[in-house]
Amino acid sequence: MRRLGWVLCLLALAGALHGFVHRPIAHGPGVLVSTAPLQSDPVDPVATRIGAFELEPLADFALDARVLSRQDYRFGTESELSPTDLALGWGRMSDSAVIAQLDISQSTRFYSYRWHDPPPIPPQEIMVSSANMHLIPADAIVADAIGRVRVGEVITLRGQLVEARRADGWHWRSSLRRDDSGAGACELVLVDSIELR
């Protein structure tokens with residue numbers, strides 16, 4: 001019985017520590033990131049392999065963005081490759097005065113937002129100034145950095161948008177547009193570096 005007490009105590013401590021490490025970062029009003037993501041043809045179009053997955057580069061990709069939400073995944077084929085999704089915002093979607101008027105959530109690899117009338121900025125601007133990104137860490141160092149990302153943080157991310165394939169026919173392809181929504185609109189990013197600012 002005493003051992004069970006210690007286990008419960010350790011679980012509670014781990015939960016509290018996780019909550020401390022991942023508690024959101026607050027900012028005052030104002031745009032924190034004024035630039036949109038940069039995308040260009042891949043400099044190195046050679047496919048790479050991570051585990052059982054072959055990753056074909058579709059575009060080189062870089063952005064500065066504010067983290068609107070994060071969701072970690074542990075189950076399913078996608079989580080083997082990409083264990084974390086970040087919903088990211090730039091332009092006025094990096095402004096606390098705008099974000100405070102939105103209900104933002106993530107679930108089943110989707111990012112959603114709602115507002116109470118009227119919307120804080122035009123809905124089209126919300127769509128083109130934010131995105132859900134499935135992150136594939138290029139190595140253990142990048143995986144560790146992604147693990148430390150907190151909601152509210154401003155990050156700089158560099159990598160490639162990719163299409164992932166596996167020998168059994170499974171595949172997952174990144175969107176190459178910022179103005180799309182719904183199924184297939186998320187970015188699948190092989191992350192070479194991520195900096196927390």
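Is D144 buried, exposed or partly exposed? D144 is partly exposed, because its relative accessible area is 47%, where buried means under 20%, exposed over 50%, and partly exposed in between (1.4 Å probe, protein chains only). D144 sits in helix α5, residues 140-147. The C-alpha atoms of D144 and I194 are separated by 9.9 Å, although the two residues are 50 apart along the chain.

Welcome to this model, which is predicted: local features need pLDDT of at least 70, side-chain atom pairs count only at pLDDT 80 or more, and totals for chains, interfaces and linings use all residues. Residues are numbered from 1 along each chain as its sequence is written, and side-chain values use heavy atoms, with hydrogens and water left out.

**The chain as a whole**

The protein chain holds five helices and 10 strands; helices (H or I, at least four residues) and strands (E, at least two) are DSSP runs, numbered from the N terminus. Of its 197 residues, 42% are buried. Among contacts (heavy atoms within 4.5 Å) with a separation of 6 or more, 73% are between residues 24 or more positions apart. The accessible surface comes to about 10800 Å², and carbon and sulfur atoms own 58% of that area, as given by the Shrake-Rupley method with a 1.4 Å probe.

**Around strand β5**

Q106 belongs to strand β5, which covers residues 102-107. Its side chain makes a polar contact of 2.7 Å with the side chain of S69; such a contact is a pair of N or O atoms within 3.5 Å, where one must be able to donate a hydrogen and the other to accept it, and residues adjacent in sequence count only if both atoms are side-chain atoms. A polar atom of the Q106 side chain also lies 2.9 Å from the backbone nitrogen of R70. Leaving aside residues up to four places away in sequence, Q106 touches S69, R70, Q71, D85, L86, A87, Y111 and N132.

Phi of T108 is near 45 degrees, a positive value in a residue other than glycine. R109 likewise has a positive phi, near 70 degrees. The table sets out how accessible these residues are.

| Residue | Relative accessible area | Class |
|---|---|---|
| Q106 | 9% | buried |
| T108 | 59% | exposed |
| R109 | 12% | buried |

Another loop, between β6 and α4 (123-128), contains P118. A cis peptide bond joins D117 and P118, with omega at about -10 degrees.

**The largest pocket**

The largest pocket has a volume of about 240 Å³. A pocket here is an open set of points on a 1 Å grid over the protein atoms alone, where a 1.4 Å probe fits, with protein on both sides within 12 Å along at least five of seven lines; lining residues have an atom within 4 Å of a point. Its volume is the space filled by probe spheres set on the points.

Which residues lie nearest the centre of the largest pocket? They are Y111, D180, S181, G182 and A185, from a lining of 16 residues. Strands β6 (110-115) and β7 (130-137) are the elements giving two or more residues to this lining, and β6 gives the most, with four. By type, the lining divides into seven nonpolar, five polar and four charged residues.

Key. Ala, Val, Leu, Ile, Met, Phe, Trp, Tyr, Cys and Pro count as nonpolar, Asp, Glu, Lys and Arg as charged, and the others, Gly among them, as polar.
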